[in-house]
Amino acid sequence: MSDQPKTGQLTFVAPRRAKPQRHLADLTMAERRAAVTELGEKPFRADQLSRHYFAKLTGSPEEMTDLPGDSRERLVSQLMPSLLTPVREITCDDGMTRKTLWKLFDGSLVESVLMRYPDRVTMCVSSQAGCGMNCPFCATGQAGLTRNMSTAEIVEQVVAGARALARGDVPGGPARVSNIVFMGMGEPMANYKAVIGAVRRLVDPAPEGLGISARGVTVSTVGLVPAIEKLAAEGLPVTLAVSLHAPDDELRDTLVPINTRWKVAEVLGAAWDYAAKTKRRVSIEYALIKDINDQEWRADLLGRLLKGKLVHVNLIPLNPTPGSKWTASRPEDERAFVRRLESHGVAVTVRDTRGREIDGACGQLAAATPAP
């Protein structure tokens, strides 16, 4: 991983690194057809490959019997290379929550988490190896930024989860991924092009993509205002989640260092514009930290900022990370915070802490290598 950043230091531009091999998930359907033509194949082979990858969730050449035997290996090696190698998988919640540590081609490590609920399957995916936003209470942010992930590396996390579900590896029988949250490692908006490419691959109907409803996709950000404005113009009805964590600039400057660049009012202004353009309710993420941001007066301030807006507040009991001086709020302070927000007519829920015991909950993804 990269050197640990100084307090408050932001890294917007990822270090220049070698890029992973091209994968069909990096490409639009037109680009896939051009790519197979370059390899001396008919354009329709791109449609067949795409159907295997996105619809049948097939990665093995042996199963692609509709492709000529002499072309199969070459097409798969050139357009469906293996991008993620599993290093370790740990589970909790009777196997319903699964965290996977992946090694990328250059040795970088990232994590994804699959969470199965009675009515849905949610995957939390990473968009960068590490993160450059340096939020002091987040394990990923403290590690610094190693590099951006490619579109296909992001998509592969979801495909791997979809394959595990289809095989019945997750208790409860075969199922499909229904929800994607870009809340794993990294700041999605700082890797904008690859993340938007991944969103399009996730929501495009098969065989162009996985065919997941855009309404089931959530893209989070600590508040990169120009990128929020750009996302609003994409025509993708995904949910925007803003990691706010403090309603006042004085505290947020410390908790979320990007606030020194774009203040609370600017971030929320961009969020309201996004809601107006997409008609999608904005999610405000707020990690409750004992004696830091959980005072009732801050709940009142937050309530006044959000009152009457198309918004929902996700309160997150702080998930402890090794060596951190901060911890979750007292239960009575959490309840009081909820009451104060509700008194302003603001919709609020307290997120369950799925994956906490496997360091798979919000703010805990650090991609630590396993002990020998």
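The model is predicted: local features need pLDDT of at least 70, side-chain atom pairs count only at pLDDT 80 or more, and totals for chains, interfaces and linings use all residues. Residues are numbered from 1 along each chain as its sequence is written, and side-chain values use heavy atoms, with hydrogens and water left out. Helices (H or I, at least four residues) and strands (E, at least two) are DSSP runs, numbered from the N terminus.

- An open sheet is formed by 10 strands, in the order 1-2-3-4-7-8-9-10-11-12, with mixed pairing. Two strands pair if DSSP finds at least two bridges between them.
- Its edge strands are strand 1 (85–92) and strand 12 (347–350), each pairing on one side only.
- From one strand to the next, the twist averages 20 degrees. Axes are lines fitted to C-alpha atoms, for helices over the stretch in contact, and angles run from 0 to 180 degrees between N-to-C directions.
- Strand 3 (residues 109–116) and strand 4 (residues 121–124) run antiparallel, joined by four bridges. Val 113 stands opposite Cys 124 in strand 4.
- Helix 5 (residues 151–167) packs on the sheet. Helix 5 touches strand 2 (97–103), strand 3, strand 4 and strand 7 (179–182). Contact means heavy atoms within 4.5 Å. The direction of helix 5 makes about 40 degrees with that of strand 3.

**Helix 2**

- Helix 2 (residues 44–55) has 12 residues.
- Nine of the 12 residues of helix 2 are buried, so this helix is largely enclosed by the rest of the structure. Buried means under 20% relative accessible area, exposed over 50%, partly exposed in between (1.4 Å probe, protein chains only).
- The buried residues include Arg 45, Asp 47, His 52 and Phe 54. Their packing partners are helix 1 (29–38), helix 3 (69–79), helix 5 and helix 6 (192–203).
- Leu 57 follows helix 2 and has a positive phi, near 60 degrees.

**Helix 10**

- In helix 10 (residues 296–306), the buried residues include Arg 298, Asp 300 and Leu 306.
- The buried residues of helix 10 pack against helix 8 (249–255), helix 9 (264–278), strand 10 (282–288), strand 11 (311–317) and helix 11 (331–343).

**Glu 41**

- Glu 41 sits in the loop between helix 1 and helix 2. Glu 41 is buried, at 12% relative accessible area.
- The side chains of Glu 41 and Arg 74 are joined by a polar contact of 3.0 Å. A polar contact is a pair of N or O atoms within 3.5 Å; within protein, one must be able to donate a hydrogen and the other to accept it, and residues adjacent in sequence count only if both atoms are side-chain atoms.
- Not counting residues up to four places away in sequence, Glu 41 touches Val 36, Ser 71, Arg 74 and Leu 75.

Notes:
Expected span 1.5 Å × (residues − 1).
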